[in-house]
Structure formats: structure tokens, C-alpha cells
Amino acid sequence: MALALQTYATVEDAETALKAAGTRYLGGGTLVVRAANEGDVGVCTLVRSTDPALTGIDISGGKVRIGAAVTMAAVARHPDLAPLARPARAVGGPAIRNMATVGGNLFAPSPYGDFAVALLALGASVEAGGTTMPIEAFLTGRDDSHAIVTSVSFDLAALAGFRFLKVSRVKPKGVSVLSIAAVLGHASDGTVSSARIALGCMADRPMRASVAEKALVGARLTADGIAPALAAVCVGIDPATDPIASAWYRAEVLPVHLGRLLLG
Amino acid sequence: MAKVPIQFTLNGSEKAEFVESGATLLNALRDKVGDTSPKGGCHQGTCGACSVIIDGELRLSCLTLAETCSGAAIITTAGLAEGGVLHPLQRAFLDAFASQCGFCTPGMIMAAKALLDHTPDPSREDVVEALSGNICRCTGYEPIIQAVLTAARSNSQNVA
Ligand SMILES: Cc1cc2nc3c(=O)[nH]c(=O)nc-3n(C[C@H](O)[C@H](O)[C@H](O)COP(=O)(O)OP(=O)(O)OC[C@H]3O[C@@H](n4cnc5c(N)ncnc54)[C@H](O)[C@@H]3O)c2cc1C
Ligand code: FES
Ligand code: FES
């Protein structure tokens, strides 16, 4: 089915156009144009906006703001976002990274969405349709959202305790068996004072490992100290079985890889 | 479906065409402009055979809508040879038997060029990473990696 493209100078006008049936927003197109190429007849008209509000990475006042149209390649090479290079470089190969946007990654279904996993661990907020909401709320409601995401923001300080790991079968580029991101805070005695752990491929979209997070607070990052968190990390997960891995396999290896991330 | 005008430069030459709104750059290049060097392998972003360089960045023409390239500078493998002399990457691919059926070759060369444009003296690891979005079903990759490393060396000798 033939596609049509509509381009608007402002996010507001593009949002109005997206109210029509059969329309989808066009980010980098790596998922939505692929769907059209595959014959997804639900996509008739793609809508995009060239609004500058969607672009740019701004770091000021201890906050990082990344425009929704910023690509993975742009994040990966930003000198002040070095810890984020890892999840940004985890997305596809070089050409995909030059196209794939931060906004699009927030909508990517599992086994995709590696960068969104990082944003979830960072406690990012998502600005969409003129309102700003926590990323958890955004991810929960994303299927019914018709608003255009303009940016994501998070505290620069969170990057200091940030860790990320992606497991794939094909190296150096491959679709996730799983991905894990964590932001840990430490007390003066070396124990964990705060923990946010986000999991990719453990549900249809990125999720928090809330029970494991609680088990980690007060613990030391030793094999014994993290054992309760590893034992709890599978609580509430519902991984998919797909050509990359079975749900059983994903659940089996999750504690192993969380352990490596925490002790590494 | 409405046709829309687009203008861009292809390998340094101005091009102006009417394309269907929503046509991919791959289809526009092959069917309208007559540059068949980008290949349509999967149309899903997975094989890299359609790779081109748009405004200095490697992209997949099968997932790029032609209309979004208005005003862009596009480079394809068809434009690399100058005055009948092969580009160092083409020469190296030929010499190293890095091309068998040849279907992946234009995409591989674009990915390699995008690497060498930014990293003229790459490590083997850099080359593997740069080619990681491109699939070859014939060569087993090793001759391709060697060809890119050879082209990088011959480039630096030319500059020296
Ligand atoms: C070969 C290949 C390999 C890949 N590998 C990975 C991988 O390893 N990890 C990974 O996470 N992903 C991967 N992906 C998936 C995809 O490239 C990324 O998830 C990417 O970030 C999606 O962004 P996009 O801009 O291309 O999205 P698009 O395709 O443009 O859009 C995807 C969806 O998001 C919506 N959308 C996009 N931007 C906005 C916005 N600003 N506001 C509202 N809605 C929006 C679109 O309407 C659409 O529904 C891969 C894809 C391919 C083809
Ligand atoms: S045809 Fe574009 S990646 Fe395969
Ligand atoms: S030479 Fe045949 S696919 Fe690479």
C-alpha cells in the first residue's frame, strides 16, 4: 500500500494531523517505515515535524534534556553523556544508529527499546503533548498516546551511578536477549543507599525490577550482599519467547547478568 | 497517490525528480534516478545492501523516505570511481576477492567509506563494528575486513 508523508513546521500542527485515522508519526523510520515495507496496511500516512523543539541536547542547571528527534549516534558521541554511549551504541548497527531516534525508542516493543531501558533506570521524564510525566507513566500509557514526544529529561547527577548491559547472540550488533540498566547510590559506609534497576525484554516494554531494588538497598556489592536482589529479580517478569530466546531462557539468565552488572 | 518534487545532489550532480509521496529513497534512486548501485535485499533495515551516505552519515535508503532528503547530498557507490579510476575501496575489494556475487558490495563499500571518512586509520575492531549492519552471504567477511584495512593503508600512503 502506498504511503504518504506530511511535514509540519510545528509540533502542534503535526499533532492535529495525527488525529486522522491511519496516521503515524515518523521519527527515524527504522520501525515505522519497516512496518510499511512489510505491508502493514494500518500505516497509510506518516506525519513528521521539523520543529526545532524536537532537536538538540541541552545540559544546564544539573538537568539533561534530549530532543525526541536526536539520534542514537548523536547521543553516543556527546562528550558530556559518556555513560549513555553504551546503551546508545547498543541499538542496531551504525546506519540504524544514524537514524534511530530517542523518541522512537520509547515506543519500540521488546526485544527493542534498549535506550528506553536506560532512560527508565535514570528516572527520566517524558515531555509529550505539552505535559511532562514520569517515564513509567509514559510507558504504561504509550499504546493509547496520540501525542508527539518532544523530549526526555533526567538529572545529570544520575549518570554518575549509571551502569548498562545488553546481552545479544550476534556480536557486535544483535537484538537483545535482555538488557539491564541500573543507577545506584552509595552511603558513606559503602552500602547501597538507593537503587533503580530497569529491565529490557522481560515484558512487552521496559520495566522496573522493584523487588530487587528494595533488596539491594542497605546491601554491599559483594556476591553475598547482592544474593537477595538476584533471587528477587524475576518477580513480576513476563518475558517473550521469540527467535532470539525463549521466555524460560531469558528468566534463567537474568539473575546471572544482573550479578555481572552489579559486581562488574 | 500525489507526486511530490524533490531535489538533491547525487554524487555531486544536481537531481530533480517527481516521486510518490512516501516513496523510499531506495526506490527513488533505482527506479527514478537510475542509480542501481544501492540494492534492495530485505527492505527491513537488516541487510545493509541499500546503504548510502546522506549528508556525511551512513543511512539505509530502504527505510528513508525520499521526500525527507530534499536538499541533501547523497553519495552512492556508483559515484566513487573518478575518470574511470576505481576508488581505493573498490580497488581493494577487487584485489582481496572481497566480492563474490557482489550483492552486498555497494552497501559494504558505503559502510566502509563512512568509517574511513571519519577514522582514516581504523583498527580491525573498528572495521568489524562499522560493517556490523551489513550482511554478506558469500565471502565469510574476512576478505571484506582485509580489503577495508588495505584501502585505509593505501589512502594514508597517498596522503603521506
Ligand atoms: C535492523 C534493526 C536493528 C535494530 N536493533 C535495535 C536494537 O538493537 N535495540 C533497539 O532498542 N532497537 C533496535 N531497533 C529498533 C529501532 O531502530 C529503534 O528502537 C529506534 O530507536 C526506533 O526509533 P525510530 O526513530 O526509528 O522510530 P520510528 O520507526 O520513526 O517510530 C517508531 C514508533 O514510534 C513512534 N514515534 C517515533 N517518534 C515519536 C515521537 N517523537 N513522538 C511520538 N511518537 C513517536 C512512531 O509513530 C512509531 O509508532 C532495530 C531496528 C532495525 C530495523
Ligand atoms: S534493503 Fe535496506 S537494509 Fe536490507
Ligand atoms: S558477495 Fe555475495 S552477499 Fe556478499
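In the predicted model, A:Ala223, A:Ile226, A:Ala229 and A:Leu230 of helix H10(A) meet A:Pro255, A:Leu258, A:Gly259, A:Leu262 and A:Leu263 of helix H11(A). Contact here means heavy atoms within 4.5 Å. By class, this contact has 8 nonpolar, 1 polar and no charged residues. Ala, Val, Leu, Ile, Met, Phe, Trp, Tyr, Cys and Pro count as nonpolar, Asp, Glu, Lys and Arg as charged, and the others, Gly among them, as polar.

H10 spans residues 223-232 of chain A, and H11 spans residues 247-263 of chain A. Their axes lie 10 Å apart, at an angle of about 140°. H10(A) is therefore oblique to H11(A) (under 35 degrees is roughly parallel, over 145 roughly antiparallel, 65 to 115 roughly perpendicular, and the rest oblique). Axes are lines fitted to C-alpha atoms, for helices over the stretch in contact, with angles from 0 to 180 degrees between N-to-C directions. The crossing of H10(A) and H11(A) is right-handed (the near helix is turned clockwise from the far one by less than a right angle). Helices (H or I, at least four residues) and strands (E, at least two) are DSSP runs, numbered from the N terminus.

Between the chains, 25 residues of chain A are in contact with 22 residues of chain B. Together the two chains bury about 2000 Å², with 59% of it on carbon and sulfur atoms. Buried area is the accessible area (1.4 Å probe) that two parts lose on being put together, summed over both. A:Leu5, A:Asn98 and A:Met99 supply 24% of the area that chain A buries against chain B, more than any other three residues. The rule finds 3 salt bridges across this interface (a side-chain nitrogen of Lys or Arg within 4 Å of a carboxyl oxygen of Asp or Glu). A:Arg89 forms a salt bridge with B:Glu129; the closest N and O atoms are 3.9 Å apart.

Backbone geometry was also examined. The peptide bond from A:Ser110 to A:Pro111 is cis, with omega near 10°. A:Pro111 sits in the loop between helices H6 (102-105) and H7 (114-121) of chain A. A cis peptide bond also joins A:Lys171 and A:Pro172, with omega about 0°. The loop between strands S9 (162-168) and S10 (176-186) of chain A holds A:Pro172. B:Asn11 is not a glycine, yet has a positive phi of about 50°. B:Asn11 lies in the loop between strands S1 (3-10) and S2 (13-20) of chain B.

Residues are numbered from 1 along each chain as its sequence is written, and chains are lettered from A and ligands numbered from 1 in the order in which they are written. Local features need pLDDT of at least 70, side-chain atom pairs count only at pLDDT 80 or more, and totals for chains, interfaces and linings use all residues, while side-chain values use heavy atoms, with hydrogens and water left out.
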